Amino acid sequence: MSSAIELIVSGYAKLQDRQALENLKSHRQRLAAELKSRAGFDVRSSISHVEQDIAAIEDGLRTLPGPVVG
């Protein structure tokens, strides 16, 4: 079964909406940074999930024609 992020990435990739994918990636990167800065909580699972989301988004970006931003 596909994860929600994979379905979202697939939709944006079909629309060739690079900007939406870049925005989604930036958001997930900020979220990962914020989670990594947390002290006193075990957020390893959440960080792992967000990093998997970022990898899925990057895979989607690689399917698009044109220059890769960032």
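## Inside helix 3

Helix 3 itself takes in residues 44-62, so it has 19 residues, and from its first C-alpha to its last it reaches 27 Å. That is close to the 27 Å expected at 1.5 Å a residue, where the expected span is 1.5 Å times one less than the number of residues.

## What you're looking at

This is a predicted model, in which local features need pLDDT of at least 70 and side-chain atom pairs count only at pLDDT 80 or more, while totals for chains, interfaces and linings use all residues. Residues are numbered from 1 along each chain as its sequence is written, and side-chain values use heavy atoms, with hydrogens and water left out.

## The whole chain

The chain has 3 helices and 0 strands, running α-α-α from the N terminus on. Helices (H or I, at least four residues) and strands (E, at least two) are DSSP runs, numbered from the N terminus. Along its principal axes, the C-alpha trace spans about 45 × 30 × 15 Å.

Of the chain's 70 residues, 31% count as buried. Take the contacts (heavy atoms within 4.5 Å) with a separation of 6 or more: 65% of them are between residues 24 or more positions apart.

## Two arginines on helix 2

Arg 28 is found in helix 2. Is Arg 28 buried or exposed? Arg 28 counts as buried because its relative accessibility is 17%. Leaving aside neighbours within four places in sequence, Arg 28 is in contact with Ile 5, Val 50, Asp 53, Ile 54 and Ile 57. With Asp 53 there is also a side-chain polar contact of 3.0 Å. A polar contact is a pair of N or O atoms within 3.5 Å; within protein, one must be able to donate a hydrogen and the other to accept it, and residues adjacent in sequence count only if both atoms are side-chain atoms.

Arg 30 also has its place in helix 2. Arg 30 counts as exposed, because its relative accessibility is 54%. Its C-alpha atom is separated by 11 Å from that of Ile 54, 24 residues apart along the chain.

Technical notes:
Buried < 20%, exposed > 50% of the residue type's maximum accessible area, 1.4 Å probe, protein only.
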